[in-house]
Structures are given as C-alpha cells and as structure tokens.
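These are notes for a colleague who is opening this entry for the first time. Please keep the sequence and the model side by side while reading the numbered points.

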Amino acid sequence: MDAERRHSGQLARFDAAVLCANRALIIVVLAAMALVVFANVALRFLTDHSILWAEEVSRYAMIWLTFLGAGLVLRHGGHIGIDALQTRFPRRAVAIRATIFVLQLGFFAFMAWIATRYALLAWGQTTPVLQIPVGFVYLALPIGFALLIAHLLFMAAPYVHRNEFIVDDEFDSKAADL
C-alpha cells in the first residue's frame with residue numbers, strides 16, 4: 001500500500017510539473033511575441049521603419065502557442081464538446097466517455113506521427129526572412145500532440161469516471177457557455 005501511495009504521489013508531482021512547465025512555456029512564448037509586436041509597432045510609429053523579421057516571428061510564435069496550449073485547454077474542458085449522448089444515456093455515460101477517450105488518444109497519436117514525418121520532411125526548407133528550418137515551425141505539431149496525449153492520459157480517470165476537468169482560478173472553461 002505504501003508503494004502504491006508513493007507511486008501515486010510521484011505521478012501527481014510529475015503531473016503538476018508538466019502543468020507548470022507547459023504554462024510557463026506558454027507565458028514565455030506569449031510574452032516574447034507581445035514584446036516583438038509591440039516593439040515593431042512602436043518602431044514603425046516613431047521612426048517609420050519596422051523590424052523585418054517581426055511578422056514572421058509573431059506568426060510562428062502564434063503557431064507554437066496554439067499547439068502548446070491545446071493540451072492545457074483540454075485539461076480544463078475548454079474545447080468545444082457535445083454532451084448530448086451522455087445526457088441522453090446517463091447509464092452509458094462512462095462507456096461513452098471511455099470511447100471518446102480512446103478515439104482522442106488514437107487521433108492524437110496518429111497526428112503526432114504524421115506531424116513528425118511532415119516536420120522532418122520540411123527540415124531542409126528555410127523560412128524567407130529568418131532562414132530557420134521550416135521543420136522547426138512544423139515541430140510545434142508533434143510536440144503539441146504529444147502534450148495532448150500526456151494531458152489526456154493524466155486526466156483520463158477523472159474524465160471517464162466522473163466527467164471532471166481541472167478547476168482553478170486561472171482558467172474558466174464555462175466562460176463562453178450560453
């Protein structure tokens with residue numbers, strides 16, 4: 001029993017570390033993007049010149065933000081969801097959510113595999129201004145899908161058994177509900 005409790009505690013600490021690192025990475029990328037865009041707008045307004053690479057950096061940062069943040073939004077239940085089946089068939093709700101979990105896991109794994117192949121294929125091309133490999137930009141997809149898999153696995157039991165998501169003050173998944 002102690003070994004099981006210790007394993008559960010280690011898993012919970014690892015989960016918390018993944019959440020913290022994921023959030024921190026998003027904050028850093030978003031701050032860098034905002035700083036570059038602000039500097040470019042200010043420079044254009046004050047000197048009538050702009051930073052040549054600002055648009056490219058902000059576009060690629062937005063791509064990375066999208067895929068890095070998708071897993072966190074999943075953990076909080078913030079993606080669009082249709083709960084008509086589990087509402088209509090409450091006795092089968094656990095089986096329905098388990099099926100959704102398996103379908104999501106399969107889709108995320110497939111997309112991570114395809115996206116990795118695509119990123120490797122595009123690695124020889126370079127971006128127009130920064131001259132970085134296009135594969136680096138596309139690497140956001142397999143990393144994002146790998147994070148989606150990790151977040152999905154961490155949330156599996158509470159979601160499947162009780163339809164629970166993470167609840168905290170930083171994210172309100174119900175804010176857009178009508």
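1. Asn163 lies in the segment after helix H6, where helices (H or I, at least four residues) and strands (E, at least two) are DSSP runs, numbered from the N terminus. Although Asn163 is not a glycine, its phi is positive, at about 55 degrees. With a relative accessible area of 31%, Asn163 is partly exposed; here buried means under 20% relative accessible area, exposed over 50%, and partly exposed in between (1.4 Å probe, protein chains only).

2. A word on the basis of these notes: this is a predicted model, in which local features need pLDDT of at least 70 and side-chain atom pairs count only at pLDDT 80 or more, while totals for chains, interfaces and linings use all residues. Residues are numbered from 1 along each chain as its sequence is written, and side-chain values use heavy atoms, with hydrogens and water left out.

3. As for the overall fold, the protein chain has six helices and zero strands, so that, read along the sequence, its pattern is α-α-α-α-α-α. The C-alpha trace spans about 65 × 40 × 40 Å along the principal axes of the protein chain. The radius of gyration of the protein chain is 20 Å, whereas a compact globule of 178 residues would have one near 16 Å; this radius is taken over C-alpha atoms, and the globule rule is 2.2 Å times the number of residues to the power 0.38.

4. How do helix H2 and helix H6 lie relative to each other, parallel or antiparallel? The axes of H2 (residues 54-75) and H6 (residues 140-162) come within 8 Å and cross at roughly 10 degrees, which makes H2 roughly parallel to H6. Axes are lines fitted to C-alpha atoms, for helices over the stretch in contact, and angles run from 0 to 180 degrees between N-to-C directions; angles under 35 degrees count as roughly parallel, over 145 as roughly antiparallel, 65 to 115 as roughly perpendicular and the rest as oblique. Residues of H2 in this contact include Ile63, Trp64 and Phe67, and those of H6 include Phe145, Leu148 and His151. By class, the contact of H2 with H6 has 16 nonpolar, three polar and one charged residues, where Ala, Val, Leu, Ile, Met, Phe, Trp, Tyr, Cys and Pro count as nonpolar, Asp, Glu, Lys and Arg as charged, and the others, Gly among them, as polar.

5. Helix H6 also meets H4: the axes of H4 and H6 come within 9 Å and cross at roughly 170 degrees, and H4 is therefore roughly antiparallel to H6. The contact of H4 with H6 divides into 21 nonpolar, three polar and two charged residues. Leu105, found in helix H4 (residues 93-121), is partly exposed, with a relative accessible area of 27%. Beyond its neighbours within four places in sequence, Leu105 is in contact with Ile149, Leu152 and Leu153, and its C-alpha atom is separated by 8.5 Å from that of Leu148, 43 residues apart along the chain.

6. Leaving aside neighbours within four places in sequence, Glu56 is in contact with Thr127, Pro128, Val129 and Leu130. The C-alpha atoms of Glu56 and Leu130 are separated by 7.6 Å, although the two residues are 74 residues apart along the chain.

7. Asp48 belongs to the loop between helix H1 (2-47) and H2, and has a positive phi of about 65 degrees although it is not a glycine. At 67% relative accessibility, Asp48 counts as exposed. Phe45, placed in helix H1, is exposed as well, with a relative accessible area of 73%. The C-alpha atoms of Phe45 and His151, 106 residues apart along the chain, are separated by 42 Å.

Terms used:
Contact means heavy atoms within 4.5 Å.
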